[in-house]
Amino acid sequence: MNPQDEERITQWIDGDLSDADVQDLLDAHPELREAKSQSESLGHLLRKELDSGEKIPYADFFNHQLNKRIEEEDESPAATAARQEALAESMFPRFMFFKKLAPIAALAVIAVFVTLLFVNVPVGGSKIVSTYTPNPALEAKTFYSDEADATVLLIEGLAEIPAQQNITGVQAVGYTPGEGASHFTLYSPNNKPILALAIDHAAQPRLRELKF
Amino acid sequence: MRLPLIITLIASPLLLAINPASAQNSPAGAKPASDAKVWGALVYAADPAETDLPDGVATNAVAFDDISTRLGKVFPDKKFILLGEHTQDIFREYESWVVPSKHLFAKIDSKGRDPEDRLLLHLQFWHDEDVIAKADAVLEAGSPLFIGGPKWRNGRLILVVLLAGDKKDS
Amino acid sequence: MNNPDPIPSNSTIENDGRRSQNPPAASPDADADEGPPDEELVRLSQQGDMAAFDVLVTRYRGKVYAMIVNIIHNQAEAWDLAQDAFLKAWKALPKFEARSNFYTWLYRITHNVTYDWLRKKKIQSGTEFDETIKSDQVVATAPTAPKDISQPDEDLEKSELRIRIESAIDQLSPDHRDVILLKEIQGCRYQEIADILNISIGTVMSRLFYARKKLQTMLEDLQP
């Protein structure tokens, strides 16, 4: 069964496709009707036994505590906006000092931005659309290097790796995943297994070198 | 207990597939649909004055001289040593891992191609056991991503991700 | 400057366009269904209106909490993580451009918070290569959650059936567990799941196909 058939069956089980839409599959695999019935039973069972979120313990305290934390962190959107405004002013203090020149400053900024846009950013090319660093101590900075025709993501704030630590690489050709499998083996170009990769319950990859 | 026929029919190859001893892990195994092929590399950007440099590897997968020249435009005054590489199909239905080194590697989820045939991706960059950054990215063939990682020795480790294929004229 | 979260609203990435998309679902049933629509509450919250945000919290706190509980099986930790998710959402609201549903965006933040916590917990506990987190390995030490959320006999109060189901879901890969929980429990649509997990709709359907099959195999004796 190819991926397109799997997707159609899923849509049919979920009621997004009718029997007529998947008639070819039903003709070839009449047992699919029973599978659909079992999927529906499974869905009912899961919804009956697992909480979908009608109640949270200590609901009022939850909101109270959250409000308290927000106030403590002083991170309201308005405060953020105010900070951004303050930042903008700090970047252009002389322009902002002369309020009448503010529109000119704004136009100049736009002109520079548009110039940079057309001069430095190619029509095509790779690009980073958004970034996120789970560790708040890290910061991701991105830019496009026209000269190198490369997109750069600099991750700042990482601890330096001790010089004495041995950092090594591998030469690996592609692995093929089994469907949904969480264990993979990477092979060298001459077909020797070199790395085992396992994805655990927490979506955490575990790598182990294989010695042969 | 009766195992439904459909589960038997479909789960049999599935059970074979998740068996570590089966062919699925072999390069010769049957492949699911692939959106692209990506070359990932771990590069050490060294101080040219540095002596006793770590061993590098030679590659036939890409023109590393070209990559090295381009890295030099972004990280000037450095010498680039290829420490590891991994060429990997990026599968449409599954997460894909690009692991040129067990120290620095990437997880890639493909979101398909855009009208310009560029690959839309969600990337995670891993340093040992930590995910250090996540990014939504658009990858065009021939236009690499350089991910500047941690400092090491007198230089810096860099992860390079490059979509295989000919670069389109833009 | 990096975004607080890789959120759909800030992304210019389009769907892969392999098929037409379902229209967005209405907001899920929750504690505060009545009242202004999410869009209005989000707009007010972005202006610093904490009362408006409080309504959004009330509307989605149960869903967010349940989503976390169903992944980590620890009520006290889930309570704290739900707090963290809402706090992150509040901080990120100025960047939310409302091109996606608020709750889809919130779920994505919740998903990130939960898995980042799981990974951190796993590293701290030093669990080995193939082990999985069991509910009894997670200790409620949260400083902010009410102390009596998680009782030692909590598992005894759960039905045997529920424990069986949780155990089966735990045996799924994280990718498969996510789609099952979002589809079957939270009632999300394919597009919403794709937005939350940052994958294509095709991937969502494919993962659902195999996740259901695996779950059916594991729970076959419970089915009529």
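Biologist: Where in chain B is B:A61 found?

Modeller: B:A61 lies in the loop between β1 and α2 of chain B, where helices (H or I, at least four residues) and strands (E, at least two) are DSSP runs numbered from the N terminus. Before we go on, note that this is a predicted model, in which local features need pLDDT of at least 70 and side-chain atom pairs count only at pLDDT 80 or more, while totals for chains, interfaces and linings use all residues. Residues are numbered from 1 along each chain as its sequence is written, and chains are lettered from A, with ligands numbered from 1, in the order in which they are written.

Biologist: Why is B:A61 called partly exposed?

Modeller: A residue is buried if 20 or more other C-beta atoms lie within 10 Å of its own, exposed if 12 or fewer, and partly exposed in between, with C-beta atoms placed from the backbone. B:A61 has 17 other C-beta atoms within 10 Å, so it is partly exposed.

Biologist: Which residues does B:A61 touch, not counting residues up to four places away in sequence?

Modeller: B:A61 touches B:W39, B:E85 and B:T87, a contact being a pair of residues whose C-beta atoms, placed from the backbone, lie within 7 Å. The C-alpha atoms of B:A61 and B:A164 are separated by 9.5 Å, although these residues are 103 residues apart along the chain.

Biologist: What makes strand β8 (residues 155-163) of chain B largely enclosed by the rest of the structure?

Modeller: In β8(B), 9 of the 9 residues are buried, so the strand is largely enclosed by the rest of the structure.

Biologist: How do you know that β1 (residues 34-46) of chain B and β8(B) pair?

Modeller: Two strands pair if DSSP finds at least two bridges between them, and β1(B) and β8(B) have 8 bridges in the antiparallel sense, so they count as a pair. Within this pairing, B:V38 stands opposite B:L163. β7(B) is also joined to β8(B), by 6 antiparallel bridges, and B:W152 has B:G155 as its bridge partner. The hairpin of β7(B) and β8(B) has 2 residues between the strands, and in it B:R153 takes a positive phi near 50°.

Biologist: How many residues of chain B are in contact with chain A?

Modeller: There are 66 residues of chain B in contact with 65 residues of chain A. On the chain B side, the largest share, 9 residues, comes from β6(B). The residues of that side divide into 36 nonpolar, 14 polar and 16 charged, where Ala, Val, Leu, Ile, Met, Phe, Trp, Tyr, Cys and Pro count as nonpolar, Asp, Glu, Lys and Arg as charged, and the others, Gly among them, as polar.

Biologist: What joins strand β1 (residues 127-132) of chain A to β6(B)?

Modeller: These two strands run antiparallel and are joined by 5 bridges, and A:Y132 has B:K134 in β6(B) as its bridge partner.

Biologist: What makes helix α1 (residues 3-13) of chain A mostly covered?

Modeller: Of the 11 residues in α1(A), 8 are buried, among them A:E6, A:W12 and A:I13. The covering of these buried residues includes α2 (23-28) and α3 (32-49) of chain A together with α9 (201-218) of chain C. After α1(A) comes A:G15, whose phi is positive, near 85°. For chain A as a whole, buried residues make up 29% of the 212 residues.

Key
Two residues are in contact if their C-beta atoms, placed from the backbone, lie within 7 Å.
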